Amino acid sequence: MPIAPTVRGLYLCERVEVHPTTRNLTLHGCFRTLVLAGIPTSARPFFIVAYLAGGLGDQILTARVNRLDTMAEVYWSRTPVRFPDRLAEVRFSLRIEQCRFPVPGGYEISLWADRELLAQTPFTVRPLTEEQP
């Protein structure tokens, strides 16, 4: 029977590099505010990264993006993940593409294992205006 993992960290970033030998991750452009040229629009691709531990077995991880004002889901993706043993740390990285933000404001990314919420983090989407550098 699968055991859901514990999340040690959940990050949003523009780019992820994986070291070819050590498989270590380097996160570039971590953010809590996503600035877009126009809204509504589909955002440029970005990544969610989670460090997971204590899980066991094959599981489906679901990433969801919801508006905080209405809790309407604007994006979701499902990814199979294998936890070989309870001591293994799994570095989960998911490229978010085609995520459409209908309005500026607060959003939340949540990560689920089956129907169990593992982690969530809020972020802000705002338009690029001429006054901003």
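Mentor: We will take a few descriptions in turn and set each against its definition, keeping in mind that this is a predicted model.

Trainee: What makes the secondary structure of the protein a pattern of strands?

Mentor: The protein comes to zero helices and 12 strands, and reading along the sequence therefore gives β-β-β-β-β-β-β-β-β-β-β-β.

Trainee: How do you know that the radius of gyration agrees with a compact globule?

Mentor: A compact globule with 133 residues would have a radius of gyration near 14 Å, and the protein has 16 Å, which agrees. Along its principal axes, the C-alpha trace spans about 50 × 35 × 20 Å.

Trainee: Why is a set of residues called a nonpolar core?

Mentor: The name applies because its members are buried residues of kinds such as Phe, Val and Leu, joined through side-chain atoms within 4.5 Å. The largest nonpolar core here has 30 residues, among which Phe-92 and Phe-101 touch the most other members. At least two residues of this core come from each of several strands, including β1 (6–13), β7 (57–67) and β12 (116–127). A second, separate core has six residues, among them Cys-13 and Phe-47.

Trainee: Which residues is Phe-101 in contact with, leaving aside its neighbours within four places in sequence?

Mentor: They include Leu-34, Val-65, Tyr-107 and Phe-123, and each counts as a contact because heavy atoms lie within 4.5 Å.

Trainee: What share of the residues in the protein is buried?

Mentor: Buried residues make up 38% of the 133 residues, and they are called buried because their relative accessible area is under 20%.

Conventions: Residues are numbered from 1 along each chain as its sequence is written. This is a predicted model: local features need pLDDT of at least 70, side-chain atom pairs count only at pLDDT 80 or more; totals for chains, interfaces and linings use all residues. Side-chain values use heavy atoms; hydrogens and water are left out. Buried means under 20% relative accessible area, exposed over 50%, partly exposed in between (1.4 Å probe, protein chains only). Helices (H or I, at least four residues) and strands (E, at least two) are DSSP runs, numbered from the N terminus. The radius of gyration is taken over C-alpha atoms; the globule rule is 2.2 Å times the number of residues to the power 0.38.
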